[in-house]
Amino acid sequence: MPAKARSSSTPALPGELGRGYPRGLLQRVPAILYTAEAGEHGAWHYVSPQIEAILGFTPLEWCANPGLWAERLHPEDRQRVIDIENRIKGGEAPVGALEYRLLHRDGHEVWVRDDALLLLAEDGHRRWHGVMSNITDQKAAEAELERRVAQQAAVARLGEHALEGASTLDVMQEAIAAGAELLGVEIAAVLELMDDGEVFQFRATRGLAGNPVGRRLPAGRRSQAGYTIETRAAVTVDDWGRERRFRRSDVLTAQGARSGLTVMIEGRNGPFGVLGLHGTQPRRFSPGDVDFVQSLANVLGDAFDRQLTEDDIRHRALHDPLTGLPNRLLFLDRLEHALERLGRRKSLSAILVLDLDRFKLVNDSLGHQVGNELLGAAAPRLKQAVRSSDTVARFGGDEFAILLEDVAGEHDAIEMAQRIASVFTRPFVLDGNEHFVTTSIGISMARGGELAEDLIRDADAAMNRAKERGRARYELFDEGMRGRAISRLRVENDLRRALERDELILEYQPVVSLPERTLVSVEALVRWEHPKRGRISPVDFIPVAEENGLIDPIGRWVLDRACRQGARWYRDRPDSAPISIAVNLSAIQVGSRGLADSVAAALRGSGLDPACLTLEITESIMLA
C-alpha cells in the first residue's frame, strides 16, 4: 500500500530492499518492487524498473513527482485506498494485500495487487517495503467468467420464460435486451425471414429509431442477415469500414453501426430468421459471444415453434422422465408462487419430503430396473393420496416432495402424512413378487416470509429425523432439528480430523466365564476423545461415519489396533491361553469389497493368530 512520493532524488536501490540480492535479479522480478515512507505524502525511496512496463513511467519520473501515485489512482478506487492508508498511518493494523486500479500513462486501467510490510527503519521512520503485481489479466479473466455466468443465467431465464408460456413478443424482447446489455452494444433486432425467402421483416428491435417493427428489408446475400441465412453460420463484422463481403443496411447506417454479430434462428421447418446485435464502435466478438447469442437464438427458435412443441418441451424441462411427476425446478416454482400468495390469505402451506425406506436394498438386490419399477409404481399412489390442487414431485433417487396449499394448520399436514403412509401398506408387485415398502416423511410449515429452499431443507431434516427414529413414520420440523443438524455437521467436520490427530482410542470390554471365573475374550470398542468436547458417544459419531464414508478408514484403524493389542497381550503372557478379540462390523463395512483385504492386512501386520479374531455383525446390518 504505497504512499505518495515527494522525493525528487534519483532513485537508487535501498539497502533495506536490495541487501544480499544482485541488482539484476531484483530487476527481473515480474512486479514493481518499492520502498516508500508511510503516510499519504511519504517519499518514495525506490521503485524497480518494471514500473515502466506496467504503468508507463520510469522510476525517476515516479519518484520525482510527489503526487503521481495519487493522480494515477482510479477515481472509483481513490478514496477507499487513501482512507486505508490514513488509517494505517494513524496506528490501525495493516489489512494485508490491497487490490485497486491505477491509470497507465496512456490512460488505460491497470489492476494491481499491492502487498507490503510496514517496517521501522534505522532512522526511526516507518517505511513500506512492498511488491506491486499486475493482476489486470487475472481481473479480466474474472470479469470474463462473470460475464459468461451472467450470459448463461440470461439464457436459462429466457428458456424458463419461454417454457412458462411467455408470449413470442415478450421472449423476443427479453432476448434482444439480454444480448444488448451483456454484449455492451446499442442495437439489437429480430428479423423474420418471410415465406418467399426474399425479404426480412423486423419483429422486435432495440436501439433503432422510428420503431421499424413490421418494416421489410431485402434478404439477399449482399446483406449481413442474408449472408447469415445463406451460410447458415454466425457472421461477425469487426468494423464496417473494412467489410467487403456485403454492405451495411440503410437502417444500420442511419444508426451509425460500426460492428455486428448475426446468428440464424432455426425453426422446425427451416430458418425462422436472424438475431442481430450491433455496436456503434468497432469491436471483435469472441467465440463466447457467438455461443451466447446463438443460445439466445436457439431459445427463440424453440419459442417460435412452441405451438407445435410447447407441451413436450415443458414436460421434458419441468418433469421427471421416469415417473412423469414435476421435478425439483417446477416444485420450487410452484412453492415460490404459493409463498407469494400466503401474504394475501389466512391459510398456510405445508411441505412434505419423503423417501422410500430401504430403497437402496431393493435397488442393489433386485437391480436398477426393478428399482425404477418401484419408483414408477409409488408415484401414482402418492398422487392418489393428495388433493388435485396439491403438487407431488420427484427430486431424484427415491426422494419425493409434496406441496399442500391452503391448509388450516399442522393437523392437516399430519393427516396427509398418515394418508400417504396408509397407501404404502399395500404390497408392490416387483419382478413377479410382492414387496412391502414403507416411507419416512418430514413436514415443514410455511406461514409466510420463508424461503422455498429453507422450507425444503427443514422438511428434509425432519425426514432424516424420522429415519433415525426407526423409519415408517413422520416428523414435524422444529427448531431443535436445525440445532441437531448443525451439531451433526460439526461432528462430521471434526471426525474427518480425528484419525490424523490420534483422537480415537480403543477400550476393551471383557467377556468372563462366571463358572470358571476366567477371561474368555474381549470386545474392542472405539471411543472418541474430542480435545474440546470431551468423550463423544459412538451413538453420535458412528452413524455419521457410516453416512459420510469415514467408517471404512475408522474400521481399518480399529481392526489394526485391536489385532496389534491382541498380539501384544500374547507376547506378554506366552504361557497363558490367547485372548480372543471381537471387533464389531457395521453394515457399510460388511458390504465393502475391501473388507477381506483389510482383515488380512491387520492380521498380517500384527502377527495375531486368525483364530483369535472374531468379527461381529451389529444390529444395524439387519436394519439396512
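Which residues are exposed on the other side of α14?

## Basis of the report

This is a predicted model, in which local features need pLDDT of at least 70 and side-chain atom pairs count only at pLDDT 80 or more, while totals for chains, interfaces and linings use all residues. Residues are numbered from 1 along each chain as its sequence is written, and side-chain values use heavy atoms, with hydrogens and water left out.

Helix α14 covers residues 359-366, and its buried residues are F359, V362 and N363. Seen down the axis of α14, these buried residues fall within an arc of 95 degrees, so they line one face of the helix; the arc is that of the directions from the helix axis to the C-beta atoms. On the other side of α14, the exposed residues are K360, D364 and S365. Here buried means under 20% relative accessible area, exposed means over 50%, and partly exposed lies in between (1.4 Å probe, protein chains only). Helices (H or I, at least four residues) and strands (E, at least two) are DSSP runs, numbered from the N terminus.

The cover over the buried residues of α14 includes β12 (348-356), α15 (368-385) and β15 (428-430), where contact means heavy atoms within 4.5 Å. After α14 comes G367, whose phi is positive, near 105 degrees.

## A buried glutamine in a strand

Q201 has its place in strand β7 (residues 199-206), and it counts as buried because its relative accessibility is 18%. Leaving aside neighbours within four places in sequence, Q201 is in contact with several residues, including V190, L191, G214 and R215.

## Salt bridges

The structure holds 40 salt bridges, each being a side-chain nitrogen of Lys or Arg within 4 Å of a carboxyl oxygen of Asp or Glu. One of them joins the side chains of E453 and R328 (3.0 Å, N to O). E453 lies in helix α17 (residues 452-468) and R328 in helix α13 (residues 328-342), so this pair ties together parts that are 125 residues apart in sequence. E453 counts as partly exposed at 39% relative accessibility, and R328 counts as partly exposed at 32%.

Another salt bridge links the side chains of R457 and D454 (3.5 Å, N to O). Because R457 and D454 are three residues apart in helix α17, they are separated by about one helical turn. Salt bridges that share partners also join E76, D77, R80, R101 and E109 into one network.
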